[in-house]
Structures are given as structure tokens and as C-alpha cells.
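Here are some notes to read with the structure open beside you. Take the points one at a time and find each spot as you go.

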Amino acid sequence: MQGFNVLFPFGFHATGEPILGVVERLKKGDEAQKKVLLREGITEKDIEKFKDPKYIVRFWQKRIENDANSLGLSVDWRRKFTTIDPTFNRFIEWQYNYLKRKGYVIQATHPVVWCPHCNSPTGDHDRLTGEGESPIEYIIIKFNFDGKILPAATLRPETVFGVTNIWVRPDAEYVIAEVDKEEWIIAESAIAKLKDQLHHVKEKGKIKGKDLIGKYVENPVTKNKVIILPASFVDLNNATGIVMSVPAHAPYDWIALEDLKKTDALHKEYGINIKEIEKIKPIKLIDTPGFVDLPAKQMCSIFSVSSQLDKDQLDKSTNEVYKKEFHQGILNANTGKYAGMQVSKCKKELAQDFKKQGIASSIWELTGKVVCRCTTEAHVKILENQWFLKFSDPEWKRLARKCVDQMKFYPEEARKQFEEIIDWLEDKACARKSGLGTRLPWDPEWIVETLSDSVIYMAFYTISKYINEYNIEPHYLKEEVFDYIFWGKGDPKKIANKGISEELLKKMREEFDYWYGQDMRASAKELIPNHFTFSIFHHVAVWPNEPKRWPKAYTINGMQQMNGQKMSKSKGNYITIQEAIEKYSADAMRITLMDSTEGMDDPDWTEKATIAWKNKLDSIYRLVKENYGKGKGESNLDKWLVSRMQEHIKAITEHLENVRTKSAVTVLHLMLNDIQWYLRRGKKGKALDYSLEVFVKCLSPFTPFICEEIWQEMGKKGFVSKSDWPKADKEINKEILQLEEFVKKLCDDLNEVIKLAGKKDKLYLYVASPKEFDYYKEAKEFLQKEFGFKQVNIEKAAEAKHDPEGKAKRAKFGKPGIYLE
RNA sequence: GCAGGAGUCGCCUAGCCUGGUCAAUGGCGCCAGCCUUAGGAGCUGGUUCCUUAGUGGAUACGCAGGUUCAAAUCCUGCCUCCUGCACCA
């Protein structure tokens, strides 16, 4: 409508696991899965066919195409494709070969949450329990134990300087195992973990926990000899099952030592003299504002912890100490060369140093229990040689930031988030071993995963039209073909092949050049940290020197809610597009959704609002039909309406430019209100046709179907959707706008007075300004009709004194005003 | 926990950047009147409380403070909600 060519393409993303998941579940006879399909209107008989992934893709593709058309989306279907089409696979191969050459695809080793039964990573959505839990690295400090190693695992390696003893579980059986040529004593559960974390582990024997107690080990950092003591709080399923004790800074350790002092169990069971315990002196090694005493002791008393069985309070106080010391703590003289450093700064460095010296190692644990869907408990595995996108690359980040700087965001609030994400983003695994998608050309056992093959596909739309039209076979889409189309690189004469002529090649290049980059992409806010941002990264990587190919604007919306709740298949609180259209019409659905919110808030859909819109659209239809073409002549009122419409046109145009659909709909209401007021005022002049045309045009992007109908009823040729968008190019008469406001105000006042004084027959209006006087005179009939007066007298206030009848009134009302009798 | 966004008169929303024109925009709902054979249709009016011939006042924009002649709007603290936190679409 604004005279631009618009490309609105539509494709189908089939990459990943979900489709195969459906197939799998159907093959297993999963009833819930069947139910979902039945709810979509698929017959029992047809469900068989859904065991073929290609059929699933075709089925939904057709369904979605139909939905898009029913909604009135003007999609260019010549360009459609799916991400599992072999021609698209060639495009992704081209993209990834390039990124690898550029050094943006790298191989790396990384910890993942792993199900040993499924033999694959366990994503958040694959878990029975433990959503949100993630890998965390425990540092293992290798305490010397008679040539063997007692590996104590800790999240606070800096506290190694304050170790006074080691904790083990007396009732447990530990394993003696050969770990990377050393002999370690560890909990049994640690073996599988260490094996999956790049350690060579061989079980050699067993040793009882209580047999360790009372023995001494050497702290590899301080060379101090410390005693091994029993503690019940040690969790054998966490890390190595060996814990170092730092009573100055760890509430658990502090209280466990206190517990030991209280009984003579130690002496009775292990023959350890109580004096051994009493001589243990906590070593404070971190100074933190707010901690005067020993931090562990202080926290235990604040949280009134009385024994190591007081788990809840202990966890709270541990967290508190950890947080405070991590953020504000400074290492003191007890820490040798690290003295004076902030805990938050030195933690990593210190662990690295210890590892280098061979006195530390690490074991990855989960932040909480994770159980895979297959009911197996997951642990952390270090996955080797996985393929990553190197989003950490500073130059790549720099270009991404530059792109964001040039972009527009609707709403603008989203920009900050993008900037934040780019800074925060680390290397991202870009391939998996299962699912649908494109195989990495150089390492075909890996498949490009779904968030990594959906980042520059928009460029593919510019040529998919020709691929579809000429039925180009995938093997003709060689690397140099894409090089030429997307970069203009090479000589088309030489690149042309049997499947793609030189002429066609040039056409594809031209088409790409004409359309790309994308002017606007719209999606939901949860895609900001991944999809949207990745797309920026990939664009700047593929076209580093051509900012004009980069994304220009993103529109970000909230997630559709239904009656205040998130729509979900399991809750069943959703409606299919077909159902909605049949029940409420596409127009009513469209405008209700556009009207529900804008920006990043979650829009809420309610049936009530939709029905209200449906009725309103009906009445709009009648209103236009009854009034269009009925106007003749021009009065001040026409000037008023035209002036009002100019303001509305400006407003709605600006709102739509900024993708504020709800605000735009509000303007439609205002237009309608003004047209209705104009009609109420009585005289139908030439502003009527003009305003109705403007209104229908402005409404048409929201409700195209009924607007085309109305347009035809109006006797217009062609489509309203192809007509020119209204311009605010008519005069705005500010004076008349003001005068009409006075009339409205007068009506309000009259309403008020009549309400209080009751209905009257005569209205006397004394007006001071000559302009108002003239204007009110024109409104005389209207006032009479509107309020049912038998007589309306409008007089200039100054002249009223010549009116004998008005004398008495003037005496009462000396000033301009209203008088009823 | 970290990051981003938000809390407005029954509900949804505008306003906040650039303080006053804000009892605060528009819609929905509700109430009344009109129209109509009828109406979940349409039209008109009302919709914080008190007061009033078209007025004046009180209380209001998550909570608590502060700045200012003046705050929904600026500042500080707190509470609540939404979104994301990765190998998953």
C-alpha cells in the first residue's frame, strides 16, 4: 500500500529430534501421542502413516499452508522449502564449510549432562526430574595417603590452606582404583563418572571407611599432616565421597567437629583420644567485611545450627558464607602467594596452578539430581571432539555488536538484551548425532542441529523460487554456485553447469541482490538469547564486509496466552487456526490478536474480545454500506472531520511503522468514533466518503477479507489491499477542531444540567465570541434534536441586552452561558 | 543466583524518556435509556467516593521513603510477576 515490493516467504523447519520422537512414540504404541494427533482431526487409520517422518513433514506443511492462506497471509509459496530438502542441505553444507574455513566452527571438549543408558546428552526437556540442573566442576585436591591418594572434592579450592582434617563416611565401603596411573581411594559412584570424564579408571580393591579413620594424610599444598575423621554428612553420591574439612569457613565442618567433641564415640569406636580433636584449630584464611569471628562459627550461631543433622539450616548458612566470601572476601597471609587477592578473582587461577603442579584434578557433578526420561540417573560426561560455533571469538562478537548497533528493534527495550547476550555468549555446540537435518560435510556422523541450520535460511528464499521452478537437482548446487549467488564471486560463465545455466545463475544472483538483507523479522521474545542472536552472528560471518546483507530490524512479541494462561497441548487450552477461523472468522481473529497487546508483553486471547470484534466488524460493514456515497456539499463539519482524519492518518501510520499494532487499532476506534459523531451531527457532506475510504484502507491490513468486500460494495475497482495508503495531505483546520470541541463540551454540560434539573423545553445560549456564535448557530438544529428542545435560542452575549425577553435572564447570568427553562 | 522486561481506576491497555494541560487513553465488561416482533446485534449516556445547574473537594497509578512550588512521570530501598540461562526446539 505504500508502494514497495514486499517479499513474504514461508518455509518449514523440520530439523531435529521432535519429528523422529513422534515416530518413535507411535511405533511404541504411545497413547498420549495418538491422542494429540486425534485431537488434530487425524483419523485412526491415517495415524499409521505418521510412522514415516517424511509424511509427518508433508502433512503439517500442507496444514500450515492452508492455515496461512485462510488467515489471509499473502505468502509467496513459490519459494517454500523444508530444511530437510536435499537442495537446502547443500546450502547448509556451503554455509558450514565456509564457517569452518573461517575458523568459526571448531572442535572442542565439553561437559554435558549425560544419560549412560541412552548414551546421549540429556537436555532439560528429556528429564523426569532435574530441570535446570547443570554441570559444575569440583576441584579434587590430592591428599597424600601412604603413596595412595585421598582425593577430596571441593567447590572452594582456595580453602585448601585452611584444611584441618578429612571427612569420610565410616559406614561406607570405598574403592581403591587406579586413576591415570595413581592410586585413588574414592566412593564407588565416582568410578563411572571419572570414566566418562576422560580418566582411565581401573578398580583394584575395596577399603572400609572406618579403616581410614584416625590415619593421617598430607595436604599437598601446605604439606601439613591432617587426620581423617568420620562424618555422616558426607554424600557418597557426590563427587569422590571424600571431603576436606575447613572449619573456619565451612559451617558443616565446624559443626561436625563440635559434634565430635560432645561425645566420646570417637574414643570408643576408633580409639582416638579426644585431645586429637581438641587440638584442631580452625585456620582462617579469608577476610570478609561483616565476619568478625570465624565465619563458619558466626553463621552457625546466626542460623542456630546445633548439629550436623540440621541440614536445612546448614545449607542456608553454607550458601551465605560462600556468597559473601566469594564476592567480598580477600585471601589473607595464610594463603602464601595468593594473599591479598579477591576470592572471586583467584579461584580459577588457583585451581589451574594446582592442576599444573599435579596436586589437583577435577570431577564434574550436577547441581542437582537429574533423572533421564528412561528413568536412569544422569551424570556429567565430558564429550570429546564435539563441533562448536566459536561465538566466543572477539572479532566475531565485535561484528555482531556492530550489526546490533545498526539495527532497529521493535520494541526498542529489546536492544539491551541483545547487547547483553552477545557479551555473554560462549561457544555453542552446533551438531548432534541424531535427528533430522544436514550432515556436516567433513564429518558426516554429525548432523547440524536445529538452532544452527536456521540462521541464514532467509537468504535461501531469494533463490528457492528458481530451485523449485527449474527443479534443480541438489548436486548441481555446488559450492561455487552459492559463492557466486551470495557473494558475487567468480565468473558465471565458468560456474554454470548442466543443471543451472549461466542465465539462470545470473537471475538468481540478481534476485538475491535485489531482496537481501531482510528488512524485518518477527518472532517471540524467548528466541532472543538463541535464534535471533545466532542469526546476527551468522549473517556477519557470512557477509562480513557487506552490512547491507545483515538483518535490519527485529520485531519481538510475547507468547500468546489464552484466557490468561499459557497455551499448552497437555492442558488442552488451545484452539487450532482452522477451528478459530470457522468459529470467529479470520478477520475477527486477526484484529483481536493485533489488538490484544504490543511490545514484549504476553498477549492474551479471549473469546469474548473476539466475538465483540466480530460484531463490530458487522456493524462497520453496515455503517459503510448505509452511508457511503450519501454525502453532498461541504460545511464546517466536513472541515472538522477531514481535519480529524488527518491527525488519525498520521498517528496510525506512525504506529504501524513502529509495529505498534494495538495503538494502531486504537486509532481505528478513534476514526470510527469521529465518523459516528459526524453522522450524529446530522449533515452528510463530502467529508463522509473521504473518511470512509480512509477508514476502510486503514482497517484493511487488519481485516482484509471484510475490507475487500466493503471496497467492492463501495464500487471501487481492484483490491483495497493494493490501493494507496492514505496520506495526511489535507488541511487541518485547528480553529474548527477547537470549535467542535466546544460543541462536544456543551453537550456534556447540557447532559449534566438536564440530569440534575430535568428535561426542559427551551435552551438559551449566550455566546461571547463571534466565531463561536456563528459555529453554534450552525449546530442549532443538532442541539434541538439531540436534547429534544422545543426552542433553541443562540445569542451574542453582548447583544443580548437588546432582547427584552433576555433581560431578566441577563440579570441572572450577566455572563455568557447556558440557560434552560 | 545472573540477565532483560513489567506492575495504572472490574479486566486488558495508553501515558512515564522530555515532571504541571491526568481522576488519567482506547477497548472489553457492567449499568441505564433508545431502537426493535425479538436480540449475545446496533445507537446514546454513565461507570473511584462525596458534593453541585454545567461545580468544588477527597482519595488514587505495586509498597515505603525522598527530590520539587508541583510526581503515575525523577531518585532510593523493598515486594510481586513474566522471559531466558544453552547443546534443546
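1. Let us start with the residues around the largest cavity: its lining divides into two nonpolar, two polar and three charged residues. (Ala, Val, Leu, Ile, Met, Phe, Trp, Tyr, Cys and Pro count as nonpolar, Asp, Glu, Lys and Arg as charged, and the others, Gly among them, as polar.) They are Ser635, Asn636, Leu637, Arg681, Lys683, Tyr775 and Glu778. The space inside is about 70 Å³, and helix H24 (636-657) and helix H29 (770-778) each supply at least two of the lining residues.

2. A word on what you are looking at: this is a predicted model, in which local features need pLDDT of at least 70 and side-chain atom pairs count only at pLDDT 80 or more, while totals for chains, interfaces and linings use all residues. Residues are numbered from 1 along each chain as its sequence is written, chains are lettered from A and ligands numbered from 1 in the order in which they are written, and side-chain values use heavy atoms, with hydrogens and water left out. Helices (H or I, at least four residues) and strands (E, at least two) are DSSP runs, numbered from the N terminus.

3. How many cavities of 30 Å³ or more does a search of the whole structure find? There are two. On a 1 Å grid over the protein atoms alone, a cavity is a set of points where a 1.4 Å probe fits but cannot get out, and a pocket is an open set with protein on both sides within 12 Å along at least five of seven lines; lining residues have an atom within 4 Å of a point. Grid points are joined across faces, edges and corners, and a volume is the space filled by probe spheres set on the points.

4. The second largest cavity has a volume of about 40 Å³. Its lining has six nonpolar residues, one polar and one charged, among them Trp613, Lys616 and His669.

5. Now turn to the second largest pocket, which holds about 1500 Å³ of space. Of the 45 residues lining this pocket, Tyr138, Leu155, Asp235, Asn238 and Tyr252 lie nearest its centre. By class, the lining has 21 nonpolar, 15 polar and nine charged residues. H12 gives the most, with five residues.

6. Helices H14 (residues 394-406) and H20 (residues 528-542) have axes that come within 9 Å and cross at roughly 110 degrees. The two helices are therefore roughly perpendicular (65 to 115 degrees; under 35 is roughly parallel, over 145 roughly antiparallel and the rest oblique). Axes are lines fitted to C-alpha atoms, for helices over the stretch in contact, and angles run from 0 to 180 degrees between N-to-C directions.

7. Among the 47 aromatic pairs in the whole structure, look at Phe91 and Phe482: their ring centres are 5.8 Å apart and their planes lie at 65 degrees, so the pair is edge-to-face. (Rings of Phe, Tyr and Trp, its six-membered ring, pair if their centres lie within 6.5 Å; planes under 30 degrees apart count as stacked, over 60 as edge-to-face and the rest as tilted.) Phe91 lies in helix H5 (residues 86-101) and Phe482 in helix H17 (residues 479-487), so the pair ties together parts 391 residues apart in sequence.

8. Finally, some backbone spots. The peptide bond from Tyr410 to Pro411 is cis, with omega near 0 degrees. The bond from Tyr516 to Gly517 is cis too, with omega near -10 degrees. Asp146 has a positive phi of about 60 degrees although it is not a glycine.
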